[in-house]
Amino acid sequence: MAQSKTELMAVLAVMRKYNLKGTEELLKKEAGLADIPENVAGEAEVNSVLAAYKSEGDPDIYENSYMELRKFVEESLDIYKHELALILYPVLVHMYIELVYNNHEVQAKKLITQFGPEQEYYYQDELAKLAMVTKRDEMSGNDITDTFKSNAFTIRISRDTLSLLKRHLHEKKASVILNIVNEHMYFDLYEGVARNKAQCDATSGAMTGEAKRQDNKIKVYYGLLKEPDVQTLVAAPPEEDDDMDPDAPDKPKKKKPKKDPLFSKKSKSDPNAPPLDRIPLPKLKDVDKMEKIKALRESTKRVNLGPELLPSICMYTLLNANHTVTCADFCEDSSLLSVGFTDSSIKVWSMTPMKLREMKSAEHLKEIDRDAEDVLIRMLDDRKAETCRTLLGHSGPVYRTSFAPDRTMLLSCSEDCTIRLWSLHTWTCVVVYKGHQYPVWDVRFSPHGHYFVSCSHDRTARLWATDSYQPLRVFAGHLSDVDVCIFHPNSNYVATGSSDRTVRLWDVCVGNHHRLLTGHKAPIYSLAFSMCGRYLASGSADNRVLIWDLAHGHLIAALTGHTASIHSICFSRDGTILGTGGLDCALKLWDFTKLVDDISGENVNVSHNPDVRDGEPYLLRTFPTKQSPFLTLHFTRRNLLLGVGMYELGV
């Protein structure tokens, strides 16, 4: 009697919650509970009662139901088998969670021991963590159980395959599986032929299944912003008066100076580019414009790479640094190199004969003419110039450094949960950004400066501006650590890679994700955008580099060949070559132009993902190092490829 009364209280509480007053009064009257006060049944009681309805009376029914489902999948026609097999893993997980919740520890352990090993290899880590949860109390706060309870597992499936599955479940009256399918799974339906094994494998692997097609339907402005006009700053000789000098009538007229061919071509507007005023970008100073002119002049001396002309490679090996170096980064013009260490220090080296100068003291600065054109140069003290500088301030290992586009500042992030901004004039920390509650794995400057993005163990990425202590946006949605982040070349988007085995593309303007990319089978550690902005390359601990088309959100190629995690990816400055470096001490060069040419002829706007290309035909060459895993790769403005690695004993 007490149990039925508790259940009635729970039902009344649910009705009150949804404001069903009429129905509530009728039920009270029929059950003789008219004098019962409100809020007798607490939320915890309601949840426990509702959860009890999910469990079946006989715990052994779970094992039999799973075996019947597995048999049905194995005996299905080959055309449907591969899509049907995708439901086995989420069904097993939810069965285990229900058994543990209802205190059937023995049956739960038997179920996961018997059927866990036959699941896909990329789910084994999660199943091992799940098997450690054997009591209801242990479920609270557990990553795996929380993820599965609060997120539907998504499976892309054809209408015919789903009809076949539902018919089987209703015929067999498999109520356990029907409950799981209805409450914890989302089927992304499409019309047409069911996918084959290769197509199913290409996009599976994420913690909560595949991406819904709806996730990738929003338009992405992947084009590049129009380059600012810098021609006005190019020094032109003073104009001569066109009138003839009366004293020298025979003097010939001076020819007008020729226009610099470098600036004669007007930059065209990219139809896929975002509006220039979509996000506020910092205005270019004259110094920045002069730097752009310098970069343009250098680009004219760039080597045009291709299958017949591979880049020269310069490898910097860090010696006597076994297990002490954590990261390395080059500035955009390749003149500076920064390296982060486990002892919380950062070292910055000059890669040119010009040493790293420090700003003069306040007394000496008073003597400088502020209106002079070279005021910045005069402010720096040549006597204190050094080849290497050390920055101290963090209280934990430094996980990433990033140079500002103008090379005046450096960002760093650390295990101490902070991000620091360093001045490369005074060689001191000028700002400490606090917001993440856990170690910060990555930080990157925007290509246009001012903004930067960070990502952390707290499962979020954050957008910051250098002049604000608070983050401007918090990108939340990943289900595990966000391990890597990077800005799109037009600064309007941020890409993140996570240990939940997904890549997301976020719009910095609205803060939502506009692409959800699934296909990796392990955490993602490196990302790089193509020069045109349309393609994204991601490297992972599954030893593969995947190439994504951001226009449609499709996976178009899987580059295999590495034998360890890939921690560095870089496109050449002309966008023709893709370089990948891994912990397997190997650098691989891929023909990206050929890959794009092969894809452009296909119609990729189909109901489900196109066939994924194998990377073998596009591999140009592999360069092994002796015992130096790659920390970073960087193409210079002239397409020389620079690599950094640390010499490791016993690799």
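In strand β29 (residues 613-614), Arg613 is the bridge partner of Ala557. Strands here are DSSP E runs of at least two residues, and helices are H or I runs of at least four, numbered from the N terminus. β29 pairs with β25 in the parallel sense over 2 bridges, pairing being called when DSSP finds at least two bridges between two strands. This is a predicted model, so to speak of local features takes a pLDDT of at least 70, while side-chain atom pairs count only at pLDDT 80 or more and totals for chains, interfaces and linings use all residues. Residues are numbered from 1 along each chain as its sequence is written, and side-chain values use heavy atoms, with hydrogens and water left out.

β25 (residues 554-559) also pairs with β24 (residues 545-549), this time in the antiparallel sense over 5 bridges. Leu546 sits opposite Ala558 of β25. The two strands make a hairpin with 4 residues between them, and Gly553 in the turn has a positive phi of about 80°. As for cover, 6 of the 6 residues of β25 are buried (under 20% relative accessible area with a 1.4 Å probe, protein chains only; exposed is over 50%, partly exposed in between).
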